[in-house]
Amino acid sequence: RLRAEVSMPGAGELRPALLDGEHRSLHQWPPVAKAPGKHVLELPLNGQPDGTYYFELATATQRTVRRFNLARA
């Protein structure tokens, strides 16, 4: 599972996505409506192999991308 902590200044819809190392879309989770405040998203990775990925979180006004390494123990 991918866990992301999000702080929302106002109510809005979050559109999370998983990107490969070259920023191509691999998977998009369903949009989630959230109220203002702090939230934790836990998203399944659907059996992705170990490697480097990017997590994209988009709203109506902003897009944030963060790199992460997936390594199962």
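Guide: Residues are numbered from 1 along each chain as its sequence is written, and side-chain values use heavy atoms, with hydrogens and water left out. As this is a predicted model, local features need pLDDT of at least 70 and side-chain atom pairs count only at pLDDT 80 or more, while totals for chains, interfaces and linings use all residues.

Visitor: Let's start with Glu56. What makes Glu56 buried or exposed?

Guide: Buried means under 20% relative accessible area, exposed over 50%, and partly exposed in between (1.4 Å probe, protein chains only). Glu56 has 15%, so Glu56 counts as buried.

Visitor: And what makes the link between the side chains of Glu56 and Arg63 a polar contact?

Guide: The term asks for a pair of N or O atoms within 3.5 Å; within protein, one must be able to donate a hydrogen and the other to accept it, and residues adjacent in sequence count only if both atoms are side-chain atoms. Here the distance is 2.5 Å. Contact in general means heavy atoms within 4.5 Å, and Glu56 touches Arg63 along with others, including Arg15 and Val65, leaving aside residues up to four places away in sequence.

Visitor: Glu56 sits in strand 6. Why is strand 6 called largely enclosed?

Guide: Strands (E, at least two residues) and helices (H or I, at least four) are DSSP runs, numbered from the N terminus. Strand 6 covers residues 51-58, and six of its eight residues are buried, so the rest of the structure largely encloses it.

Visitor: How do you know that strand 6 pairs with strand 7?

Guide: Two strands pair if DSSP finds at least two bridges between them. Strand 6 and strand 7 (residues 63-70) have eight, and run antiparallel; Gly51 stands opposite Leu70, for instance. The two form a hairpin with four residues between them.

Visitor: What makes a set of residues a nonpolar core?

Guide: They must be buried Ala, Val, Leu, Ile, Met, Phe, Trp, Tyr or Cys, joined through side-chain atoms within 4.5 Å. The largest one here has 15 residues, and Leu2, Trp29, Leu45, Phe55 and Phe68 touch the most other members. Strand 1 gives the largest share, four residues.

Visitor: Back to the surface: why is Gln28 called exposed?

Guide: Its relative accessible area is 59%, so Gln28 passes the exposed cut-off. Gln28 lies in strand 3 (residues 25-28) and touches Pro16 and Ala17, not counting residues up to four places away in sequence.
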